[in-house]
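Subject: Handing over a structure, with notes on its cores and rings

Dear colleague,

I am passing this structure on to you, and below it you will find what was found in it. Please have it open beside you as you read.

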Amino acid sequence: NVDVIHLGLLNLDRVRTLDHYFWKQIQTFHSVNYVALATTQGEYIGTKIREDGSIIVEVQDNLTAGHLETWETDNQGNYLKRSNTKPDYDPRKRPWYQAAVKAGKPVWTDIYVYFSGLSTAISANQPVYDKQGQLLAVASADLTLFEISKFLRQLAVGQTGQTFILERSGSLVATSTQEKPYRYTGQLQKAEPFKAIDSEEPLTRATATYLLQRFGTLSHIQHSEQLDFISQGQRHFLQVVPFQDKWGLDWLIVVVIPEN
């Protein structure tokens, strides 16, 4: 999308006109849950594909009076009805926008809570500059953490093994168990990440606790480690592998299998 903007094929002056383009694009990349673009003027366009294949378009521009409108679409990408309005939405204050502006280059966000408060996500973001180096917009593509968990569940890790992913802070990114990688907290019941040592899954909790006891802090794990430990009287085999990329991800991939 950044390339297309630089080629002059996407009009940032009227983001609403990009709705059909984004509507089509979200169906092309099956690992992406959401595609969006926000301008320095605070205008915003985004599309999301649901589990049932239906697609929503979210837009904020001079016609929405500062509110983010959510529109249901038909099979041609045309608006059917407005299903939600989020007041006082400013995309420039969101973590994904600010992360890209601060980095000045393509970057992943930390895990953050969707504006709706219903789930957590991580997004790839890239600032868009004009030829004079002035910021024009930020392009974004999201992956919800629940999608990573669904992928992990497809892996064969024995009958009773688990695999899960941690941030260096100890927060659970995704897990092959049925546990969601976020919890609803507070009066508003907003999704929040939580530490693996607080997991409701006994083996996840025991594994994370062992790693902290063994290394003191997860930042000390710099190489692939193969370990074993005792939990509930049973020996478990454990492998932890650091995963990093040039855009800022710094995770630990954990696989744990009971000896039996």
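To begin with a charge and a ring, Lys-180 lies over the face of Phe-146, at 6.0 Å from the ring centre, where a charge sits over a ring if NZ of Lys or CZ of Arg is within 6 Å of the ring centre and within 35 degrees of the ring normal. By that criterion the charged end of Arg-183 also sits over a ring, that of Phe-194, 3.9 Å from its centre.

Please keep in mind that this is a predicted model, in which local features need pLDDT of at least 70 and side-chain atom pairs count only at pLDDT 80 or more, while totals for chains, interfaces and linings use all residues. Residues are numbered from 1 along each chain as its sequence is written, and side-chain values use heavy atoms, with hydrogens and water left out.

The search of the whole structure for aromatic pairs gives 7 of them; rings of Phe, Tyr and Trp (its six-membered ring) pair if their centres lie within 6.5 Å, and planes under 30 degrees apart count as stacked, over 60 as edge-to-face and the rest as tilted. Tyr-182 and Tyr-184 form an edge-to-face pair, because their ring centres are 5.8 Å apart and their planes stand at 70°. Of these two, Tyr-182 is buried, with a relative accessible area of 9%, whereas Tyr-184 is partly exposed, at 36% (buried means under 20% relative accessible area, exposed over 50%, and partly exposed in between, with a 1.4 Å probe and protein chains only).

Tyr-210 and Phe-229 are stacked, since their ring centres lie 4.8 Å apart with planes at 15°. Tyr-210 belongs to helix α5 (residues 202-215) and Phe-229 to strand β14 (residues 225-231), so this pair ties together parts that are 19 residues apart in sequence; helices (H or I, at least four residues) and strands (E, at least two) are DSSP runs, numbered from the N terminus. Tyr-210 counts as buried at 15% relative accessibility, and Phe-229 counts as buried at 5%.

The largest nonpolar core has 20 residues, and those with the most contacts inside it are Ile-5, Leu-18, Phe-22, Leu-37 and Ile-45; such a core is a set of buried Ala, Val, Leu, Ile, Met, Phe, Trp, Tyr and Cys residues joined through side-chain atoms within 4.5 Å. Its largest share, 3 residues, comes from β3. Apart from this core lies another, of 19 residues, among them Phe-194 and Phe-229.

With best wishes
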